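Trainee: I have a new model open. Could you show me how to read it?
Mentor: Gladly. Take a look first.

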Amino acid sequence: MDLSQYAELFLAESREHLSACNQLLLEWERNPASPEPVGGLFRAVHTIKGMAATMGYGRVADLSHRMENLLDHLRRSGRAPADEIIQMLFRATDALEKAVGLAVAGREREADLAVLAEIDRAALQAKPAPQPSGLARHFKESEPPGSPESPSLPDASAASAAPPGSVRLVEVVIRPEAPLKGGRAMLVVRKLQTLGTVHRVQPAAAAFESDDFDGRFVCELETARPAADIEAAVRSVGDVEGVTFGGGTDESQVSPAESAGGGRTRHIRVDLRRLDTLMDLIGELVTERGRLNDVAARWVGQDPEIDEVAIQISRLSADLQNEIILARMTPVWQVFDRFPRLVRDVARQLDKQVSFRVEGKEIELDREILDALGDPLVHLLRNAVDHGIEPPAERKRHKKDPEGEIVLAAVRERSSVAISISDDGRGIDRTKILEKAKREGVVGPHVESLSDDQLLRVLARPGFSTAESVTSVSGRGVGIDVAMTRIRALGGSIEIRTEPGKGTAFVLRLPVTLAIVRALIAAVGQERYALPLTYVAETVEFGTVPLTTMEGRDAIVLRDRVVPLVDLRKLLGTNGGAPAPPPRRPVIVLEMGERRAGIVVDGMLSQQEIVVKGFDAPQGTLPVFSGATIMGDGVPALILDSAGLV
């Protein structure tokens, strides 16, 4: 059996346990006297060791084994660890994470294991003194079998011994929570082959690779070794829940809990590329569904069967589409869980005290969006620690808690998700930003103040930084720029709120999914444009609401609120053969957080689901398009970027 096919599964499982290690170390650092973190660390590292040994990754197994020894000594001692031990365990966890990645890539020999010497020294110092009970057990085990105090082991061994060359039926059950059950079962079979000849493995070894393999199998072993030796050999593989001899495979041996297992929710790991392929296929199906509906509309009243089939196919494809989208949805904690360690490391590097809190970890996003969200959040969090949170001495002078706070929160807003990064630091000095922006020519000399929107645009300019010098944390002016560019590419937006002395908050608004969205199809001249409904608040008719101006722009007054207008005809330069605009034109009101804008179009054609395709805009194209789609008649239409219009 080729274990290399389990490499990706090993990597995924190991990353989960390493993430748990970081969380537990952070908890232990905050509360060194607590016994729970060390127990959780021991179990996580022990699991990684077992998986690495199963896969044959010797250096990973050795490093995790040394860490396990140290954690075991610390667990047994019951004493709070010194800060140096905690920091060394952080470094060991980092080394283990790198070693795991190199092992899966086939470059395990490149792993830097310099931390092993530190681990061994710490383990030697932390090793508890021998306990009397341990000595007693030692002398008890060293007594001859025939001593009066010894149990009747010879009789038990004789009862379980087998005649030379006899065949035993061996049933093995791998622990339900064990990772890599198939690989573990194959190791058990190989271990049994060292004791004798293995016959008739049921289910067959090929079934070990199946997702349905539950970790239970039976084989015939021809050997002269006693049952105790066989059981010891099997259990030495690890993650073995039970070993029985002479049992059969009939249904009477299955426990009621196992036989009722059909009602349990079952989970399997699926390669993300398969989900991406499914999404691409359902996207093509949605496009063809639109064409079918157009054809059916032309046959209305002529052939009711065509209309009935079109409705049925639309319903089935919509159900299939929803199920695939749900399968791609992933809770944000899978990305958020790595940030407490990041914030802690940056804070220590800058000699700051920072409390980090995460809210809304259960909120779900499309996996594609979640994967792309990591880098922008890293930049914003590093900025919050570096520029936002003040040093402890400065916070004390301003009557603040020496420990600053950063909150990363996710909340659901209608058909979008808002992710905020807020701190209780010094806030952004608008005057200082304005002066630097004037010196660098970012804004004109006549500008007297910066609104939140203007402030964000200045901060997001490539190369603009408020840092006095370049450090390993900041100063190159790429953080906000990278975050805004990536979020805009995802069809989202960024807002900023800041108050001097109180802190700063960045709010990222993102669609829940990217691939297929519901959109409003609008007409401008002879062209059609798609506007995702995610940020559409309402529609009104131009001319039926009061008109005004706002900073030199046309605007409407909607429920006592001024909403600036964007005339798409003027913005896109639609002319030359285009029909004259109708006398009463619709206005699509977009709302992104506190910002609103009214988009004036010639007409609204329909609402429909569209498949978002990548769009490489030619040089000089206005930055108001986020993609393209194929309409039901096969003609492409551009998708408008709400963030670029508001």
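Mentor: Start with a helix pair: helix 3 and helix 5 cross in a left-handed way. Left-handed means that the near helix is turned anticlockwise from the far one by less than a right angle, right-handed that it is turned clockwise. Helices (H or I, at least four residues) and strands (E, at least two) are DSSP runs, numbered from the N terminus.

Trainee: What should I know about the model itself?
Mentor: It is predicted: local features need pLDDT of at least 70, side-chain atom pairs count only at pLDDT 80 or more, and totals for chains, interfaces and linings use all residues. Residues are numbered from 1 along each chain as its sequence is written, and side-chain values use heavy atoms, with hydrogens and water left out.

Trainee: At what angle do the axes of helix 3 and helix 5 cross?
Mentor: Axes are lines fitted to C-alpha atoms, for helices over the stretch in contact, and angles run from 0 to 180 degrees between N-to-C directions. Here helix 3 (residues 58-77) and helix 5 (residues 115-126) cross at roughly 25°, with axes that come within 9 Å. Angles under 35 degrees count as roughly parallel, over 145 as roughly antiparallel, 65 to 115 as roughly perpendicular and the rest as oblique. Helix 3 and helix 5 are therefore roughly parallel to each other.

Trainee: How do I read a sheet?
Mentor: Strands of a sheet pair through backbone hydrogen bonds, either parallel or antiparallel. Two strands pair if DSSP finds at least two bridges between them.

Trainee: How many bridges join strand 8 to strand 9?
Mentor: Eight, and the two strands run antiparallel. V411 stands opposite A418 in strand 9.

Trainee: Where can I find a hairpin?
Mentor: Look at strand 21 and strand 22, with five residues between them. G634 in the turn has a positive phi of about 85°.

Trainee: Is D351 buried or exposed?
Mentor: Buried means under 20% relative accessible area, exposed over 50%, partly exposed in between (1.4 Å probe, protein chains only). D351 has 63% relative accessibility, so D351 counts as exposed. D351 sits in the loop between helix 14 (339-349) and strand 6.
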